[in-house]
Number of protein chains: 2
Amino acid sequence: MANGADVLCDTLLLNGVDVCFANPGTSEMHFVAALDRKLDMRCVLGLFEGVVTGAADGYARMAGKPAATLLHTGPGLANGLANMHNARRARSPMVNVVGDHAAYHLPYDAALTTDIEGLARPMSDYVRRIAGPDDVGAATAQAIAAAQRPPGGVSTLILPADASWGEPASAAPVRADIRAPSPPDGQRVAAAAAALRADGPDCVLLMSGAALRTEAIETAFAIAAATGCQIIAQQSNARIERGAGRHPVERVPYVVDVALKRFASTKRMILVGAKAPVAFFAYPGKPSSVVPDSCEVSVLAKPEDDLLGALSELGHSLGAGPAPAPAPAPMADLPSGVVTPQGLAIAVGRALPEEAILCDESITSGREFFGFTHGAAPHTHLQLTGGAIGEGLPLAVGAAIACPGRKVFALQADGSAMYTNQALWTMAREGLDVVVILLSNRRYAILRGELKAVGAEAPGRNAQRMLDLDQPAIDWVSLANGMGVEAARVETVDALADRLAAATAAKGPFLIELMI
Amino acid sequence: MANGADVLCDTLLLNGVDVCFANPGTSEMHFVAALDRKLDMRCVLGLFEGVVTGAADGYARMAGKPAATLLHTGPGLANGLANMHNARRARSPMVNVVGDHAAYHLPYDAALTTDIEGLARPMSDYVRRIAGPDDVGAATAQAIAAAQRPPGGVSTLILPADASWGEPASAAPVRADIRAPSPPDGQRVAAAAAALRADGPDCVLLMSGAALRTEAIETAFAIAAATGCQIIAQQSNARIERGAGRHPVERVPYVVDVALKRFASTKRMILVGAKAPVAFFAYPGKPSSVVPDSCEVSVLAKPEDDLLGALSELGHSLGAGPAPAPAPAPMADLPSGVVTPQGLAIAVGRALPEEAILCDESITSGREFFGFTHGAAPHTHLQLTGGAIGEGLPLAVGAAIACPGRKVFALQADGSAMYTNQALWTMAREGLDVVVILLSNRRYAILRGELKAVGAEAPGRNAQRMLDLDQPAIDWVSLANGMGVEAARVETVDALADRLAAATAAKGPFLIELMI
C-alpha cells in the first residue's frame, strides 16, 4: 500500500522532477524509504543543507526545471536558506521538501519544533504545509507549478511525518499546471521602439534572465545595430551565454562610482527582464540608485514575460536586420609569472573547453574577468545572484549534475568557499566533472577595501582578526584531499595554465589552490 | 566624534559583554571599525555563521553571561539560526547584532535585502530593529537585558548601516536593567513537599538548567535521601556538573520505549526548571509523551525561578539533612582492542582532567557515556539541546574562550561535525585548548537505525546514498590539518587512550579521528 511519501515521490517524477538533493533526518525516514523505492529518482547527498539548496539552484539554472530538496525540520531548512535566497534572486525553480513532526506531536514542543513557515517565507515564493496524506498529491503539484510559474521561484513544502507515513485514499500522482511566460505586450514594444528611434545611442537595454541566452542576445544586438543603443546585463545574473561567436555583453559595474559614471549620459533605460540597477550596499553620501534622475526607466518585458518574444517583436517593429557577426575578440597571450586578475582571466579563458559552465563566486578577484574572456570558447557563465556567499561550489555541483557532458569550472574565492566546503565531498561522491580554481588570498579582500573606504587606513588587531584568514592559513589541498578531491597548489600563471590543461583533459573533480 | 557603532560597542562593554564572535560584511564595516577602536573587546572570527552562534552558546553556558555576535544581513543570520535554535533551547543568553542596509536603501531591494525580522523571530526570544543613531544605546541595553532575563534568551538586534555610521546626540553607553531569578513559590514548595511525603519512592524530581549545578544536585540528593524520590535530568541539558565526589544524575532515555518503561511506575513528576519529557520524534502508534497518563505532573520551579532556592526550601520543609556522600564509582579498567561504546566512554572518562568541559555531540555513540563516567574526574558536561546538529565543535570553541584555564573535550559524531567543520580553524586561530574526539563511523548511524525502524531492512541504493558517508570516506586528519589543527587517526581503545593522554598533557587543539 502506498503512503503519502510515495505519492509525493510519484508526483515529483510525473512532473519531471527526478533529482533530489538531500540531507535527511528522522522525521523524513518514511520519505527516504519511499525515495528508496523509486529507481527513477536520483538522490544526491549533501553533507550540509547549504550544499543541498545551492546545488538545486545550479541544477535549475542549467536544467531549466526544478530539482527537489529534502531538508530536516526547521534547522535543516535554516541551514539551506542562504542559498535559497540566491536561488530566489536567480529566479530558479526549486521544490524544497521540509520534514516536520507529525501534526499531533507539535503541541508537545519537542526539541526540534520550530516555526517552519516563519523561517521559509522570507526566502520562498510559495510555502505550503501539507494537511495530511490525502493532501500530498495536490500540494506537491501546486508547489511544482508555483516553482515553474515564470520566471521561476522557490517553493517550500512542509511535510509532517504523519502525512508522509499515512495512507491516502488515492495513490495517484497529480499533474502540475505549468504556465508559459506571458506574451509580449504590444504597447510596451511600441513605447520601447519609439524611445529607441528617438534616442538610440543614449538608450540602454538592460537585460537579465532569459534575455541573456544566445538567441535573445543576438536579437538585442540586431536592435543595437539598427538604433545604436547599448546592451548591458544586470550586475548579477543567473546565467549568461558567452564566448567566441556570441555577442559580448558587458555588465553593470559593482562599484557605485563606476556605475554612476557608466550611466551618466544615459537618457533612457529599457528593462528586459532586469531590475533598474541600484548600489549593492548603501554608502554615506552616495545615492542608492545608480541611474541618473534625468534618465527615464521603462519596461519592455517583465521577468515573467517571454523575453525573447518581446525582443523579437521590438526588432521587427524597428525593422532591424540580422545582427552583424560579433567582432572577433582573440584571447590575449598567456602572461607569465605572478598571478594578476588579468592573468587569471586569460589563463581561465584560454583553458575553458567548448560548452563549459563557469560558476563564478570569485568576488574581488573576478571583477575583470569579462573584459578578457569575450573570445574564450563558447561557455555559460553563472553568477552569485543574491550576494549570500557560499554558493559557488554547490552551484557547480548542481550544474554538473544537470549537464553531465559539460565541463564545469568553479572560479571560487577562499573566504566564500569555506562556507560550504562540504560541496567538495559531493563532487567526489558523484564523480562530478568540476575543476575548482580556488583563489587563495587568505583574507576577506572585499572587506579590507570597504574598511579602508570608511576611513580606517591601518586596521588594528580587532579588524585584522575579523578580516584576515591567516594564522593559520587554510591549506586547501589538504582540505580537498580530506574530502576525496585531488588537488594541487600553484603560484604562477604558467603553473595555473598547466594544471588547468591537465584537469580539463581528465574527468572528475580537481581543485587548484591558486595563491594570489 | 562617536557614531552609533561606538555607542553599541560601549553599551556592550559597560554591561560586561566583552567577547564578540563575528563574521562581518560590508554593511557592518562601521561596526568593525568601532570594534577596532575598543581594545577591551575580544573579537573572534568564525569562518561560517554557524560557528559564530554555536560558539556564543558555548561561551554563555560557561561564562554565565552573553557574548555578542556580529552577523551580515539576512543570509548571515540565516546561517547562524540552527545554533541559535540550540542556544534558545539551552536558554543561553546571547546578543546577536545583525547588520542591515541603511534604512533609506531598503526600498531599492538590493540583492541582499531580506526580511530579517521574519528570519530572526522563530529562533529569538527578543527581536528589535534599531531605529537610528539615537536609538542604539537604548536598544542595545534592552537586548542585553532581554538576553539575561532569567533563565536566559536569544536577543537579535538589527543594526541598519546608517544607524551605525550616524552620530547620536549622546555618545553615552546605556546600562541594562538585569533582573534576578524569581524567588521560590511557597505554595509550590508546600505542594511538592506533600507529594514527596505521600509517594516519595514513586516520585521523580525532573531537573534541568541551574538545578544541575553541583550545589543544587546535592540539595536534590538530600531530598532523595529524606524521601526516597528519584533524581533525573532532562534528556538534553545545557550543562550538568558531573564526576567523582558529585552525585550521579541519570537522564531521561532518548529511545521512546525505554523512556516509557523508565517512567511506567512513576506516580508524580515534579519539574525543577525542566519540561515534562516527550518523544524526540513521533513514531506511528507510539505516544508523544513518555509520562504515563496516571502520573501527576507538577511544577516546583519554572526555568526562570531560583532553582537552587526552591530546592533548598523544599529540603528545609521536608526536614532533609545534608546529602549523604555519593557512593564511590571507580572508573572501570581500560578495555583493549576494538572500540565499543563502553570502551570509548571508559577511555574518555579516564582521560578527562579535573574540571574539564565535555562538549557532547556524540549522537548514537555517546548514549552509554553517562553510565560509565560517574567516577571520572569532576567535569562539566554540555549537550546538544535543540537537536540541530553541527553545534559540538562551535560549542567547544565558545567554552574554551569562556574558560581558558580548563581543558575542553569535544565528543563529536562525524556527520554532525561536517556541518560546522570551520570551527576547527577558529580553534587553531585562537590556540584553544580543545581535544576533539571525532567518532568516525562514516554514516548517519542514527538514521540507519530509524530507517530499519520504519520497516526497510535492507536499504537500497537511494537510501544508502543518503545515509552513508562513505565513497569517499572523509579523512578527518587531512581536514583538520588543512585548517591548522594537528590530528591523528586511531583504531583501538589502547591507541585512543595514548592519544588522549598526550593531547591532554599538551596545550592547544588536537583532533583524534577514532574509527568506530
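These legends describe close-up views of a predicted model. Residues are numbered from 1 along each chain as its sequence is written, and chains are lettered from A in the order in which they are written. Local features need pLDDT of at least 70, side-chain atom pairs count only at pLDDT 80 or more, and totals for chains, interfaces and linings use all residues.

**View 1. Helix H2 of chain A packs with helix H17 of chain B.** Helices are DSSP runs (H or I, at least four residues) numbered from the N terminus. Axes are lines fitted to C-alpha atoms over the stretch in contact, with angles from 0 to 180 degrees between N-to-C directions.

**View 2. Residues meet between H2(A) and H17(B).** Met29(A), Val32(A) and Ala33(A) meet Leu447(B), Glu450(B) and Leu451(B). Contact requires C-beta atoms, placed from the backbone, within 7 Å.

**View 3. Strand S4 of chain A is mostly covered.** S4(A) spans residues 94-100, and seven of its seven residues are buried (20 or more other C-beta atoms within 10 Å of the residue's own, all placed from the backbone). Strands are DSSP runs (E, at least two residues). Met94(A), Asn96(A), Val98(A) and Asp100(A) point one way; Val95(A), Val97(A) and Gly99(A) point the other way.

**View 4. S4(A) pairs with strands S3(A) and S6(A).** Pairing needs at least two DSSP bridges. S3(A), residues 68-72, pairs with S4(A) in the parallel sense over five bridges. Leu70(A) stands opposite Val97(A). S6(A), residues 154-160, also pairs with S4(A) in the parallel sense, over seven bridges. Ser155(A) is the bridge partner of Val95(A).

Definitions and conventions. Contact = placed C-beta atoms within 7 Å. Buried ≥ 20, exposed ≤ 12 C-beta atoms within 10 Å, placed from the backbone.
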